[in-house]
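Here is a short briefing for a first look. Please keep the sequence and the 3D view open while reading.

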Amino acid sequence: MELQEYNYRFDELEVSTDIIEKFMGYQPGQAPEPMPQLIREVLNQAHDLCDIRGGYVIKQDIAVNRDDKTLHIHGVEFDVKKIITNQLKKMDATALFVCTAGPGISNYSKELMHEGDFIKGYIADVVGSEIVESAMDKIQADLENQMESQGLHITDRYSPGYCGWSVGEQQKLFSFFPQDFCGITLTASSLMQPIKSVSGVIGIGENVRRKGYVCNLCDMVNCIYREKKETKKADRC
Amino acid sequence: MEELYGKIAHCVEFGKINLASPYPPDMKGQEGADELTKKAIDEGFPPEEVLKKGLVVGMEKIGVKFRENKVFVPQVLMSAKAMSTAMEHLRPFFESGAVKRKGIFVIGTVAGDLHDIGKNLVSMMVKGSGFEVVDLGTDVNGQQFIEAIKQHPGCYVGLSALLTTTMVNMEKIVAEIKAAVPDTKILIGGAPVSEEFKEKIHADFYSRDPQGAVDFLNRSVA
Ligand code: B12
């Protein structure tokens with residue numbers, strides 16, 4: 001069971017009007033018209049616009065080097081830096097993951113923007129981000145269930161580009177997956193296409209734990225996700 | 001006269017597009033930027049004043065509120081929509097040359113990067129302050145910027161990047177532009193970009209928000 005692949009329909013995910021309102025800056029349920037109406041319209045269309053796919057590879061041959069703050073997975077060195085090394089130091093295995101909402105939702109957003117429908121275009125963009133995060137939440141929950149059944153636990157997720165880990169290291173991360181896995185490709189500048197995609201690692205072991213809200217670890221004070229998800233298990237720093 | 005300008009500015013600031021628009025809730029059933037701008041033009045108000053004392057004032061106010069985190073992206077977009085709807089009534093005057101733009105701003109997301117929401121926001125705010133904006137889209141390389149600069153001599157240029165890996169392309173593009181058209185003023189922005197990075201790559205201005213770009217451009221053409 002080295003490589004696991006998942007496919008989701010939009011209605012299997014938990015993407016609500018409330019959560020979209022939250023990421024647009026409003027208190028859930030408090031966004032004035034026409035926002036709720038437009039959010040509902042986008043959510044109703046989302047089903048046809050998405051190709052939600054993701055997956056992970058589990059590797060057992062790993063080592064965490066606390067001196068030079070690196071992670072060694074199957075002979076590949078990742079320079080994850082201090083914060084992530086600390087969070088993963090007790091892991092015995094790791095799951096490298098990728099996930100995408102597919103290209104449709106971003107294309108739709110671009111089209112709307114181009115036509116001058118700025119608000120709906122922006123809402124579609126936010127919905128796309130939430131779809132990929134929410135799909136990854138589901139994949140992570142499944143991984144957690146499987147590991148728990150073996151008496152193991154998992155950590156939060158950590159992504160290249162966060163907490164000092166260079167976004168360029170995605171090149172190494174992608175080398176663990178078959179080409180075009182889930183329809184995701186990586187450009188030379190380490191941009192994933194489709195744009196609504198995420199990548200990273202999750203620690204696995206007897207002595208690791210999910211901490212949930214990890215924003216306090218990160219120094220990105222202007223992040224729009226900061227403080228917003230404290231009530232939900234959040235994996236973005 | 002001043003009262004109508006004030007009303008137009010208010011509509012833009014609060015994103016009141018037109019009579020039919022339900023937003024903002026406390027202006028439901030009232031005329032919006034669309035109707036009021038048309039009224040001003042129909043009544044013979046100088047179009048230049050309608051722009052500068054009405055529309056631009058409203059956009060400036062929302063830009064400042066956004067910078068101060070008092071409003072969020074959707075409110076800015078509502079204002080931009082109100083502004084662009086009203087601008088349709090001014091279009092003939094721009095085309096005839098009766099009303100002049102403050103200058104031209106060429107913007108694009110740099111090569112290797114496809115993010116565009118932030119770039120679009122900057123583009124809308126700069127347009128809303130009275131500049132003509134040429135949006136080259138995403139994944140734009142140095143050559144494409146240079147061609148646009150040659151087509152619009154004297155224009156200002158904005159570069160946007162959202163990843164540290166594409167931010168480095170800014171350095172290359174800035175060098176290429178400065179070599180081809182040395183006097184070009186280049187503004188940079190995007191989540192990972194900073195003042196120090198601006199210094200390092202010899203760009204002319206950095207701002208973390210669109211209003212900073214507007215202020216810089218206004219100062220430059222003053
Ligand atoms: C939403 C989001 C996502 C979403 C959607 C991405 C998208 N844009 O479609 C998802 C979840 C998919 C995602 C994925 C990733 N993300 Co992300 N994401 C964000 C987040 C939280 C918000 C981006 C956003 O939409 N902002 C709203 C817009 C309006 O803001 P903006 O684009 O920054 O523009 C504003 C200013 O920057 C400025 N501006 C912009 N351009 C210009 C130009 C000029 C001239 C001027 C003056 C101003 C200016 O004005 C705009 C309006 O205020 C940011 C963090 C943040 N707070 O910015 C991270 C962020 C952009 N992501 C980041 C990273 C690392 C990633 C991933 C690589 C992580 C991973 N390995 O999975 C992937 C990459 C995806 C890919 N396709 O390759 C990093 C990038 C920095 C870096 N380290 O390289 C950020 C900054 C977070 C961080 N770590 O600090 N992400």
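**Briefing: the contact between two chains**

About 2,100 Å² is buried between chain B and chain A, and carbon and sulfur atoms give 72% of that area. Buried area here is the accessible area (1.4 Å probe) that two parts lose on being put together, summed over both. In chain B, the residues that lose the most area to chain A are B:Pro74, B:Leu114 and B:Ile117, together 24% of what that side buries. This is a predicted model: local features need pLDDT of at least 70, side-chain atom pairs count only at pLDDT 80 or more, and totals for chains, interfaces and linings use all residues. Residues are numbered from 1 along each chain as its sequence is written, chains are lettered from A in the order in which they are written, and side-chain values use heavy atoms, with hydrogens and water left out.

**The interface**

- Chain B brings 27 residues to the contact and chain A brings 25 residues; contact means heavy atoms within 4.5 Å.
- The rule finds one salt bridge across the interface, a salt bridge being a side-chain nitrogen of Lys or Arg within 4 Å of a carboxyl oxygen of Asp or Glu.
- The side chains of B:Asp116 and A:Lys110 meet in a salt bridge, at 3.5 Å from N to O.
- On the side of chain B that touches chain A, H4, helix H6 (117–128) and helix H8 (164–180) each supply at least two residues.
- H4(B) gives the largest share of that side, eight residues.
- Helices are DSSP runs (H or I, at least four residues) and strands likewise (E, at least two), numbered from the N terminus.

**Helix H1 of chain B**

- Helix H1 (residues 2–14) of chain B has 13 residues, which at 1.5 Å a residue should span 18 Å; its end C-alpha atoms are 18 Å apart, so the two agree.
- The expected span is 1.5 Å times one less than the number of residues.
- Buried residues in H1(B) are B:Leu4, B:Tyr5, B:Ile8, B:Ala9, B:Cys11, B:Val12 and B:Glu13.
- Buried means under 20% relative accessible area, exposed over 50%, and partly exposed in between (1.4 Å probe, protein chains only).
- These buried residues pack against helix H2 (33–42), helix H3 (47–67) and helix H4 (73–87) of chain B.

**A:Glu206**

- A:Glu206 lies in the segment after strand E10 (197–205) of chain A.
- A:Glu206 counts as exposed because its relative accessibility is 51%.
- Leaving aside neighbours within four places in sequence, A:Glu206 is in contact with A:Asp92, A:Gly151, A:Leu152 and A:His153.
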